[in-house]
Amino acid sequence: MRIHPTAVIDPSAELAEDVTVGPYCAIGKNVIIGRGTRLESHVVIEQDTTLGEACQVRQGAVLGGPPQDHKYKGERSYLILGDRNIVREFATLHRATGEEAATRIGDDNMIMAYCHVGHNALLGNGIIMANQVGISGYCLVEDRVVFGGMVGVHQFVRIGKLAMIGGMSKVVQDVPPFMTADGRPNQVVGMNVLGLRRAGIPPAVPIVPGGCWRETPGGSPAPR
């Protein structure tokens, strides 16, 4: 474990053996940090926050701050991040409102500088959030969604798997999976063809009851 002498760590925090903590970091009570995670300088990890393995948190980020919600009365709640997440400079990720509730972020996400994830939000895996994206409270973002810069997402909005949101969009209603959406207010403008191609989904996928499909031995899609 490599901890800079200027870092301040609560005695109740649990850090894996090979965690790196940079200068002037502050780690609060009941924090858990997994193997291989690295905190650069001036990172604040507030109480009841869990960071998984091999995460990177850059300068000035604040993880686990109390929710910006008038309903919050100081009850114990959590921020839980999975493995291999990258959190860039001055991003803010908040704990949940509600006793024992949690804001949850999955694995392999990139949250760029000045982004915000609000209380009780649920984020999946492989999400990319460009600079200054704001995710409001109680939002659901599924796997491999891509946000352009300076997108604002209204509370309780759901964004489906492999959707792409254009920069500076105002997202006030749900976005279907596999779509590209843009504008103020945000509207679906077409299929996320590039994202689907990168995900290995073939051009022709038959729709069958239940929305299931599979690859035949010859490589062509066939219903289950």
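In strand β18, L122 is the bridge partner of R104. Strands here are DSSP runs of E of at least two residues, helices are runs of H or I of at least four residues, and both are numbered from the N terminus. Two strands pair if DSSP finds at least two bridges between them. This is a predicted model, in which local features need pLDDT of at least 70 and side-chain atom pairs count only at pLDDT 80 or more, while totals for chains, interfaces and linings use all residues. Residues are numbered from 1 along each chain as its sequence is written, and side-chain values use heavy atoms, with hydrogens and water left out.

Strand β15 also pairs with strand β12 (residues 78–81), and these two run parallel with four bridges between them. Across that pairing, Y78 has A102 as its bridge partner, and I80 has R104. These strands sit in an open sheet of eight, in the order β3-β6-β9-β12-β15-β18-β21-β24, with parallel pairing. The edges are β3 (14–15) and β24 (158–159); each has a single partner strand, so one side of each is left without a neighbour in the sheet.

Within β15 lies T103. T103 is buried, with a relative accessible area of 0%; buried means under 20% relative accessible area, exposed over 50% and partly exposed in between, with a 1.4 Å probe and protein chains only. Leaving out residues up to four places away in sequence, T103 touches Y78, L79, I80, H94, R95, A96, V117, G118, H119, N120 and A121; contact means heavy atoms within 4.5 Å. The C-alpha atoms of T103 and G118 are separated by 7.8 Å, with the two residues 15 apart along the chain.

A second open sheet has nine strands, ordered β2-β5-β8-β11-β14-β17-β20-β23-β26, and its pairing is parallel. Its edge strands, β2 (8–9) and β26 (170–171), each pair on one side only. Inside this order, β20 (residues 134–135) and β23 (residues 152–153) run parallel and are joined by two bridges, with I135 opposite V153.

I135 is also among the residues that M129 touches, together with M110, I111, M112, C115, H116, V117, L123 and F147, again not counting residues up to four places away in sequence. The largest nonpolar core has 46 residues, of which L39, L63, M129 and F147 touch the most other members. Such a core is a set of buried Ala, Val, Leu, Ile, Met, Phe, Trp, Tyr and Cys residues joined through side-chain atoms within 4.5 Å.

The pairing of β27 with β28 (residues 187–191) is antiparallel, over four bridges, and includes D182 with Q187. Four residues lie between the strands of this hairpin, where G183 takes a positive phi near 110 degrees.

Helix α1 (residues 193–198) gives three residues to the lining of the second largest pocket, the most of any contributor. The lining residues divide into five nonpolar, three polar and two charged; Ala, Val, Leu, Ile, Met, Phe, Trp, Tyr, Cys and Pro count as nonpolar, Asp, Glu, Lys and Arg as charged, and the others, Gly among them, as polar.
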